[in-house]
Amino acid sequence: MRPAPTAQPSTQRTDSDTPARGVARTAPLMALGQVPWHEIKDSSGSAAAIPLLLSSVAWGDAETAGRALDDLRKRICQFGFVVEQATAATVPFLWELARLPQVTCRAQIIRLLGNIADARQWETTAAVYPKLLNHRENHVVWERKARQAVRARRAELSQLMAEDDAEIARATTELARALGE
């Protein structure tokens, strides 16, 4: 005689996987490991610290998130207009964080995206000094890729503009203006 089957743990999710207000269905920052951060550069050298900073922005309290975002800003958009090699790789994660209601510094993230969208420091310099384009590390290309990364997600502006938070709506309007929307 065969024993009665025993209940096996289910592999099915029992929680709702319907995103709240259009937020991504996956856990925040899941794709961080797909970027070779240690192989690319930010203003401090290796961009290996960027995943930790993004995680601190995502899950930190207001003070922790604010400090992490300030450090991140210095690494990827120094002075509000000088982008680095790691900037374009960081932009999709900034867009992701800007959409998450639990992130405490969303308006500041949106403003950072606006700074990146407006960045033309290297391009302007190369117009005067074309030899800059011949360097092994082509900062003009980094700058263009960073701007393209911001533009690639501009469809998300409408969701951000619909936010009840006036500061987020204002920052989003400024970003839309920077993107020519």
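This is a predicted model: local features need pLDDT of at least 70, side-chain atom pairs count only at pLDDT 80 or more; totals for chains, interfaces and linings use all residues.
Which residues have the most contacts inside the largest nonpolar core? Residues are numbered from 1 along each chain as its sequence is written, and side-chain values use heavy atoms, with hydrogens and water left out.

**View 1. The protein has eight helices and four strands.** Helices (H or I, at least four residues) and strands (E, at least two) are DSSP runs, numbered from the N terminus. Of the 181 residues in the protein, 42% are buried; buried means under 20% relative accessible area, exposed over 50%, and partly exposed in between (1.4 Å probe, protein chains only). A contact means heavy atoms within 4.5 Å. Among contacts with a separation of 6 or more, 66% come from residues 24 or more positions apart.

**View 2. The largest nonpolar core has 48 residues.** Such a core is a set of buried Ala, Val, Leu, Ile, Met, Phe, Trp, Tyr and Cys residues joined through side-chain atoms within 4.5 Å. Here is the reply to the opening question: L54, L94, L97, I109, I116, V150 and L175 have the most contacts inside it. At least two residues of this core come from each of helix 1 (50-59), helix 2, helix 3 (87-99), helix 4, helix 6 (139-152), helix 7 (157-161) and helix 8. Take a look at L54: leaving aside residues up to four places away in sequence, L54 touches L29, L32, L72, T90, F93, L94 and L97.

**View 3. Helix 4 (residues 106-118) packs with helix 8 (residues 166-178).** Their axes lie 9 Å apart at an angle of about 10°. Axes are lines fitted to C-alpha atoms, for helices over the stretch in contact, and angles run from 0 to 180 degrees between N-to-C directions. Helix 4 and helix 8 are therefore roughly parallel to each other, a term for angles under 35 degrees. On the helix 4 side, the contact includes R106, A107, I110 and L113, and on the helix 8 side it includes E167, I168, A171 and L175. The residues of this contact comprise eight nonpolar, three polar and five charged. Ala, Val, Leu, Ile, Met, Phe, Trp, Tyr, Cys and Pro count as nonpolar, Asp, Glu, Lys and Arg as charged, and the others, Gly among them, as polar.

**View 4. Helix 2 and helix 4 are roughly parallel to each other.** Their axes come within 11 Å and cross at roughly 5°. L69, R73 and I76 of helix 2 meet Q108, I109, L112, N115 and I116 of helix 4. Five of the residues in this contact are nonpolar, two are polar and one is charged.

View 5. From T64 to L53 is eleven residues in sequence and 9.6 Å in space, C-alpha to C-alpha. P101 and A58 are 43 residues apart in sequence, with their C-alpha atoms 9.9 Å apart.

**View 6. C77 is buried, and C105 is buried too.** C77 has a relative accessible area of 0%, while C105 has 4%. Searching the whole structure turns up zero disulfides, a disulfide being a pair of cysteine sulfur atoms within 2.5 Å.

Definitions and conventions: Angles under 35 degrees count as roughly parallel, over 145 as roughly antiparallel, 65 to 115 as roughly perpendicular and the rest as oblique.
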